[in-house]
Amino acid sequence: MNKDQIMLQAAYLAKQGKGKTAPNPCVGAVIVKDGQIVARGWHKAYGQAHAEVEAITEARNKGVDLKNTSLFVTLEPCNHYGKTPPCTRAILEAGIKKVFVGARDPNPHVQGGGIEFLRANGVRVEAGILEEECRDLIADFIAWTQEKRPYSYLKIASTLDGKIATYNGHSKWITSHKAREEVHRLRSQVGAVIVGGNTFYADNPKLTCRLEGDELAQPLAVIVTSRLPETDDSFYLLSERAAQTVFWTTEEKASSSQAERLRSLGCQVWGLPLEAEKQGSWEAGKLERGEDTEKQNVESQRRGFDLRSGFDRLFQEYKIYYTLCEGGGRLALSLLEQDLVDELCLFLAPKILGDNAATSSFSGRKVESMDEAINFRLTDLSRIGPDIFLRLMKNRDN
């Protein structure tokens with residue numbers, strides 16, 4: 001195997017710990033001797049041994065002479081004391097003389113420290129093996145350490161022509177049972193599920209994880225709406241999950257008697273500030289040409305919620321490391337425009353509505369050029385029952 005193939009094995013191992021290691025990153029490691037992988041390890045959970053130590057321990061248990069081995073690890077070995085001792089010391093004690101690193105540690109307080117320490121102590125270190133793939137593994141860790149917010153999944157289930165509901169709001173079911181099971185798996189990994197007001201009123205959702213097996217901690221239900229429900233309305237979230245339900249609304253609505261009635265049920269109501277008024281390039285061009293702009297078409301001037309403030313509060317007050325947004329179209333676009341989508345999970349059903357009035361996956365913009373498109377890159381493509389699953393990540397060059 002070449003270096004890329006070996007690092008792919010380490011990346012596969014890292015994924016086994018995804019969602020279980022927060023606030024630490026997921027990391028995978030393999031030890032190679034004579035071109036063959038002889039030991040494996042990954043960071044299984046916060047507070048437990050890191051991937052390098054797991055691999056070293058397995059190698060020792062197998063009787064492997066570590067002085068003639070190379071270590072491949074997806075992330076730069078730590079060189080500081082935390083819940084566990086530094087992995088750099090474990091590498092030196094094992095006598096490993098070659099270390100291949102996927103991505104450098106993005107934490108600005110420790111970046112480069114592990115690599116520099118190993119090199120200063122006679123270890124040959126090569127960094128940047130499958131760097132993009134390894135950085136993708138720690139995209140959540142980057143959001144936590146650099147942006148101080150949860151890692152954000154956006155789930156869309158749509159037809160081939162990008163519709164998430166018919167013109168009258170009917171959406172059950174676009175995708176198959178198997179695809180919906182995968183959505184519940186996603187819900188099991190996050191601390192909050194976020195939907196827009198239209199989804200709340202049209203679907204009366206539960207926003208729970210309904211996987212079979214051990215009892216799971218249910219995520220918070222977050223509703224983004226400028227129209228608060230009446231407390232006597234028959235919504236599942238109000239009657240059955242009030243203590244786990246949070247409404248994000250205007251600051252004015254959050255101070256209303258309606259908000260107080262919701263709080264009396266056990267709900268939380270957070271007032272979010274509005275974004276600064278924006279003028280998009282499409283409207284600016286129309287004005288420069290002296291053309292009239294009809295008010296109902298000026299979507300670029302809309303003022304929406306400053307969603308980042310809600311995400312920040314989830315992270316700081318509730319230690320929520322992952323969120324899942326399930327739409328609708330305007331909320332999905334707002335998240336994209338505010339750079340709050342880290343991973344797009346698209347479930348594509350082999351169906352076509354062909355109705356311009358049907359609800360689109362994303363809505364709210366008016367653009368004239370493809371240069372204004374929001375770009376993602378495909379990282380995974382698979383089939384789930386009759387449906388297609390696409391995993392896309394934020395294009396850092398966009």
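Author: A strand is a DSSP run of E with at least two residues, numbered from the N terminus. Two strands pair if DSSP finds at least two bridges between them. This is a predicted model: local features need pLDDT of at least 70, side-chain atom pairs count only at pLDDT 80 or more, and totals for chains, interfaces and linings use all residues. Residues are numbered from 1 along each chain as its sequence is written, and side-chain values use heavy atoms, without hydrogens and water.

Reader: Which residue in the turn between β1 and β2 has a positive phi?

Author: β1 (residues 28-33) and β2 (residues 36-42) pair in the antiparallel sense over six bridges. They form a hairpin with two residues between them. A phi of about 55 degrees belongs to Asp34.

Reader: Which residue in β3 stands opposite Ala29?

Author: β1 also pairs with β3 (residues 70-75), antiparallel, over four bridges. Opposite Ala29 stands Val73.

Reader: How many of the six residues of β1 are buried?

Author: Buried means under 20% relative accessible area; exposed is over 50%, and partly exposed lies in between (1.4 Å probe, protein chains only). β1 is largely enclosed by the rest of the structure, because its buried residues number five.

Reader: What is the relative accessible area of Ile388?

Author: Ile388 is found in strand β16 (residues 387-394). Ile388 is partly exposed, because its relative accessible area is 36%.

Reader: Where does pLDDT stay under 50?

Author: pLDDT is the predictor's confidence in each residue, from 0 to 100. The chain averages 89, and 90% of the residues score at least 70. The stretch under 50 is residues 277-301.

Notes:
Contact means heavy atoms within 4.5 Å.
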